[in-house]
Amino acid sequence: MATATKRVLLDPFSDNNPITVQVLGICSALAVTTKVDKALVMCMSLTVVTAMACLVISLMRNLIPGKIRIIVELAVVSTLVILADQFLQAFMFDISRQLSVFVGLIITNCIVMGRLEAFALGNPPGPAFLDGLANGLGYSVILFLIASVREILGGGTWLNMHIMPDAYPKNGLMLIAPGAFIVLGLIIWAQRTINHKFEA
């Protein structure tokens, strides 16, 4: 695998993770991580939208006038989000209802727009698609970890399976936003300690 392609694929999982390093997409990391199943559906939605948006914008990059590029990007992302939302409503209605407006808010997610601006507009379709896919998966890993910790500690379940003893008192803090902040902070600390990256 070429070094550049390897970097595109691997950086979002560690050195340039969209949540823990770039600190993007925090709203959904707090809002949809009380249950793993909800988080996984959100992850799939964002990953598909990011990958496909990067591909489409890369294909169109030489045709988009610079003055309206943001409008074109928003139109592409909005179309993909509407398709994803309609798919969820048709085939996963209960989870779609639980996710409420957060699938629709992918339109304004900084991860998507950031990858379009930073990578897709300046690179061929293949690498752009891989970059969108890798950033979506990097986002997904963090959401999955946060949701797993919150569901286990907050409700004693994981993917709605009871894994804690019946006597477990459950931790209500994990079911509200401050619990997500605590878990996310610990993940950021662990990752930066492992990577030896600290703020000056």
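Start your tour by selecting R97, which counts as exposed at 57% relative accessibility. Keep in mind that you are looking at a predicted model. R97 and D94 form a salt bridge, their closest N and O atoms being 3.7 Å apart. The two are separated by about one helical turn, because they sit 3 residues apart in helix α5 (residues 93-99).

Select R69 and E117 next: their side chains meet in a salt bridge of 2.9 Å, N to O. This pair links distant parts of the chain, with R69 in helix α4 (residues 69-91) and E117 in helix α6 (residues 110-118), 48 residues apart. R69 is partly exposed at 32%, and E117 is partly exposed at 31%.

Move on to D131 and R115, whose side chains meet at 2.8 Å, N to O, in a salt bridge. D131 belongs to helix α7 and R115 to helix α6, 16 residues apart. Are they buried or exposed? D131 is buried, at 4% relative accessible area, and R115 is buried too, at 11%.

Now pick E151, in helix α7 (residues 125-155). E151 is buried but has no salt bridge; K35, the nearest side chain of opposite charge, is 4.2 Å away. Beyond its close sequence neighbours, E151 contacts several residues, including T34, V36 and W158.

Finish with the cysteines. The whole structure contains 0 disulfides. The sulfur of C43 lies 15 Å from that of C27, the closest cysteine sulfur, which is too far for a bond.

Terms used. Residues are numbered from 1 along each chain as its sequence is written. This is a predicted model: local features need pLDDT of at least 70, side-chain atom pairs count only at pLDDT 80 or more; totals for chains, interfaces and linings use all residues. Side-chain values use heavy atoms; hydrogens and water are left out. Helices (H or I, at least four residues) and strands (E, at least two) are DSSP runs, numbered from the N terminus. Buried means under 20% relative accessible area, exposed over 50%, partly exposed in between (1.4 Å probe, protein chains only). Lys and Arg count as positive and Asp and Glu as negative; His and the chain ends are not counted. A salt bridge is a side-chain nitrogen of Lys or Arg within 4 Å of a carboxyl oxygen of Asp or Glu. Contact means heavy atoms within 4.5 Å. A disulfide is a pair of cysteine sulfur atoms within 2.5 Å. Lists of a residue's contacts leave out its neighbours within four places in sequence.
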